[in-house]
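Please open the model in the viewer and display the aromatic side chains.

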Amino acid sequence: MIIKAEKLTKKFGGLVAVDQVDFTLAAGEFKSIIGPNGAGKTTLFNLIAGAEPVDGGRILFQGDEITNLPQERIARMGVVKTCQTSQFFPSLSVMQNLSVAAQPPSSWRSLWRGKGLAQKTLRQAKAVLKQVGLESAADCPAEALSHGERRYLDLGLALAANPKVLLLDEPTAGMSPAETRQAARLIKHLAQEFSLSVILVEHDMGVVMEVSDRVLVMNEGRIFAEGAPQEIRRNPDVQRIYLGKGRAAC
Amino acid sequence: MIRRLVLIALICILIPCAAMAEGAKFGIVLPLSGPYAAMAQDMKNGAMLATDQVNQAGGVLGGQAELIVKDSQLKADIALRRVKEMVEEEHLTVIGGNLSGAISLVINEYACKNNLLYMSYCYNSLPVGKEFCGKGFTSAVIPYQNPDALATYAFKNLGKTWMSLSADYRGFHDMMASWMYNSDQLGGEFKGNIYHPLGTRDFSTYIPRILAESPDILVLNNYGADQIAAIKQFSQLGLTKKMKIVISKTHLHIAKECGKAYDANIYGGATYYWNMKAAGEENKKFVEAFTAKFGAPPSGDAEAAYVGTKAVWQAIAKNGAADNVDALIDALTSMTVQTPKGSEQFRACDHARQQSILVLRGRGDQSKDWDVFEVVQEVPWEETLQSCENNKNNLPYGNVPIPTK
Amino acid sequence: MEEKLENPYSLKIVWAILLVLAPMPLVLSTPLATEILIYAIFAMGFNLALGHTGILSFGHAAYFGLGCYVTGMALRYLELGVFPALLLGTLAAGLAALALAALAVKRQGVYFAMISLAFSQMLYFLALSPLKGLTGGEDGLKFIPKLAIEFPAPLDLSKPLSAYFFTLFFFALAIFAMRQVLNSPMGRLLPAIRENEARVKSLGFPSHALKIMSMAISGLFCGLAGGLLTVYLGYVPLSTLHWFTSGSIMMMTILGGMQSFSGPIVGVLVFLCLQDVTGNFTERWELFSGTLFMALILLFPQGVAGTIRQRVRRRMAPAIPEQQT
Amino acid sequence: MHILLGLALGAIYILLAAGLTIVYGLLDVVNFAHGVFYMLGAYAVFLVISLTGSFWIGLASAAIITGLIGALAEVFLLRPLYEKHQLYPLLLTFGFSVAVPDLMKVIFGLIGKTVDYPEALSGFILLGTIPFPKYRLFIIVLTAVVMTSLWLFLKKSDLGMVMRAATLNSRMVEALGIDVARIWTVGFSIGVGLAALGGAVAAPMVSASPDMGVEITVESFVVVVLGGLGSLAGAVTGGLIIGQVVSFVSLFAGQYSKVAIFIVMFIVLLVRPRGLFGEAGRH
């Protein structure tokens, strides 16, 4: 198990966003989390990535405990997340964005060895540039990119930080159906090529079905169901909580 | 260097090069911009008037007496930059000016290191202790001289118990020491001192302590906008009716700006007042010339600048050259200068200007336009200027303990 | 664009700046030229924090003034040589910047600027009265002995030209060091922090530690500039700690162009020459320089250097013009 | 007695801080030229008194005249800079604070101008044995009146409500079809008018001089930061606290009163950056 979480809890004031959730992710596994709005998907996602402090329970990454470590430590260990709204460096060019992310985290302190390191970082950045298909916009500032391109750049930044576990928060949000399918195929391909384990938070069932090894359904802060994509799709309770016919018997 | 070559070439073409005028140059630095701009402008006017009069009377060394004025913006680094430019670029050996005691000490230090004659126009302690290095003169007085004069008058006529309100600034600490020393000598009863930060505008917070002591005399050791604020607020509160206020160093502009608040209960020390009857003919000529040229009568600063500049030109003329500084210094200390206050000298051993101190009194609402003071007493220099020996070791005021808090 | 990425700030810019500035005494007065070099180092240090890392500080006079006073005190009280005194002043300012940054790194934008303002005003008023014995209060620190060095060449530092070359030597040192810092792995992360600190954190870089390091290095540059001013003046004026110094260094840096290497230096050159020329020509120089500054802000929002660079780039017409925020 | 004096001192700080906080709250611009408008207020009251002879007309018109000058400055100098980098409006106010005092020196001459106390308010009343200046009481009362009317204006009137909304989210207000630019101009001129009122009230005590505004700018930053950037209640409490701190410290060690203000500001900013009443999250 590359990631193991036990009894993860997160409260915002009175509201229990994540309630005693156990969660596992195997190496190389592609797991999606789905559920209606407010089910606690993104909160669980942020707890694992260290973006939100954990109120209860613990998280293990490759056996070591990472509960409540500062986000940059967790990211340095290889658990890197993208954001729902694309986050990047607006006035820097796309290549500059990627080369910042591609820089080995341990190098932040060094004031020397500029040249040697730069070439290695540049090669990796160029590779990611090709993978996310942004070669044509390499030199223009990130803020000049279209919405879709910004999502790819956000993804590229996470990839450039050579993660072991990739946490994707609705990467295809706001994309046209064609773009969404193309993005889903790309993510699946990249995950296999780099043998990444991925946690995907997603609404679009089409994408979920196509890319996930396993699917997790959350509702009101608890795991409601878990299984292979086809199983989950056919499960009546899942349809009910999604379509809101009435409370699921729980 | 190129810039100047071009300049000189130009001048040669314009006026016949052969009769290149001999003449002499004197460079002064004044804080013409910044909070003390008004007083600096008065100094500039005094210096220009002296220079014009010298040129009308035939100039100096067969040529024009050229006064170079630069703005120090009341910043020591800019003042030093201007002085260095004058010394290195225009090869001046005689410099002067300055209004703030602190900056004049800095320039004096530079003058000592680089062998220049420095004629400062402001209250400073160039002749005292470590500061004195033989190159610096002041055409005003040493800070301790004012309190000397004022104390003799105050403790005789205004009462015995006194208290002081001082700006936390070196110049005023010297005055404080002088007040403490004179108070012991003349049987005054010191009731305590209050330090206020430089740049204070609200003096109401000090009133309770002053009223609690209710001394006969309240001594003010501050200047400029601080002094104006203090006078206006104390008079508005009727403090001036409860006690006499004696200001160590006051100024024509301050009284003008205070208006009727500067009333007959307020006394101030100064080196010059344009309407001082005792000065006679020389002063009338100076005041008329100054008022005609600049539209207002001269203040103490203007007179100090006028006298300092006049002495410099007179020394250069007497010495026959402007570049050997030591000869110039001997000339300056051995001649008498006709000043608006009468004929005076610069003392040879510590270059202090032997001049009297005036005890002035406010006119309040009877003041008409610029006639804001009444001269109560003129204390001759012998009674206020310490001997050279004392000045060298900063005696007797050096070891007078002044209150720390 | 390959070259630019691998080596954002090439040596060519550094040599160009040195060649332009070195012969200044031929055109300007030597004392003014020396001050331009000193304030250029100060502006470069300030811009490392503002232009490159996005840290706004209203109190950089604290580090500049501290550099002045510590160097001055080392020369006067400890009678140290010029180089050790300069080193001491630089380190003191760097430490102060490190300490303040560590204390206040969590604060953002205007709040950090206000803490820096409060810190520098505290130093100003401490030097004004409580520490009067040491700092000379309102008069500033005097009686600094006449300075001379033998090491690279026997130079009497009270001679303006030798003081100029002494300052030029340190200016060259500083400008090479700044290029090295900006090109270093650490330096490349700073613009990212300016743009989006949260994202930098989520990519595994400790953004707080980076900001503290950037402020500390910025403090070192300001301390060096302060020390050099003391050596050049032979005196430390209290005005070096006044908030107006922070304001004018900010004015010069942004006037020159925050987001370029040469911007702050151009800003200092333009501003000091403007101040000197109008200062000689009229007493009301503040009216001219203030109005002109406002005009420059309205006409060249990217600063003088920024706009020139943009015009030059537009003429080279890349596909999409690089917008400066 | 001391509390009253602290109150009077605090009153002027309150006027300045309220003005600064409105400008910052609304426009997100730290106004370095705040002290300059304080000075303009003092000159305006001098000018109007020399024309009309009445202190009261002078006081009212000082705020209005300077408010208009502020509005013009905002429209022509600040408005073009809003979309640019957040720093540029701030820098412009810095340039303004360098140029305008010098302009006053050219127009009104180098020497400051005297403003006499109004007849009715000169002199003092006896509190027990200690005389307390009537003028100071007037300042406290005036500030109280001005602050309550400002509070009512912001809370009750439509324009006030819109201004408060624009402070929180100007883009949303713009989306509702309100011309936000005009709101900003009105806000700026009110903020500046308050500073001018502070100057006009202080003029009899310190006389109007070109450089009177330099120190007061930084001191009003202290008050605003202590109270919390953008909050009116904060400005009032901040002003009162600083007034008491200065009047208390100067009782014992006068020369430390200036250091004390900034130590207070430093500590507050470290411990509680948004100040006493500031909204969380405003960076």
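Begin in this predicted model by selecting B:Phe137 and B:Phe346, both of which are buried. Over all chains the count comes to 48 aromatic pairs, and these two residues form one that is edge-to-face, because their ring centres are 5.7 Å apart and their planes stand at 80°, where over 60 degrees is required.

Next, select B:Tyr153 and B:Tyr267. This aromatic pair is tilted, with 5.8 Å from centre to centre and 45° between the planes. The pair links distant parts of the chain, 114 residues apart: B:Tyr153 is in helix α5 (residues 145-157) of chain B and B:Tyr267 in strand β10 (residues 266-270) of chain B. Are these two tyrosines, B:Tyr153 and B:Tyr267, buried or exposed? B:Tyr153 has 13% relative accessibility and so counts as buried; B:Tyr267, at 3%, also counts as buried.

Then turn to chains C and D and select C:Phe58, C:Trp243 and C:Phe244 together with D:Phe32, D:Phe94 and D:Phe221; these residues form one aromatic cluster.

Finally, inspect two lysines. The charged end of B:Lys84 is placed over the ring of C:Tyr232, 4.1 Å from the ring centre. Within chain B, select B:Lys256, which lies over the face of B:Trp370 at 5.2 Å from the ring centre.

Key
Residues numbered from 1 in each chain as written. Chains lettered and ligands numbered in written order. Predicted model: local features only at pLDDT ≥ 70, side-chain atom pairs only at ≥ 80, totals over all residues. Heavy atoms only, no water. Phe/Tyr/Trp six-rings, centres within 6.5 Å; stacked < 30°, edge-to-face > 60°. Buried < 20%, exposed > 50% of the residue type's maximum accessible area, 1.4 Å probe, protein only. Helix = DSSP H or I, 4+ residues; strand = E, 2+ residues; numbered from the N terminus. Lys NZ or Arg CZ within 6 Å of the ring centre and 35° of its normal.
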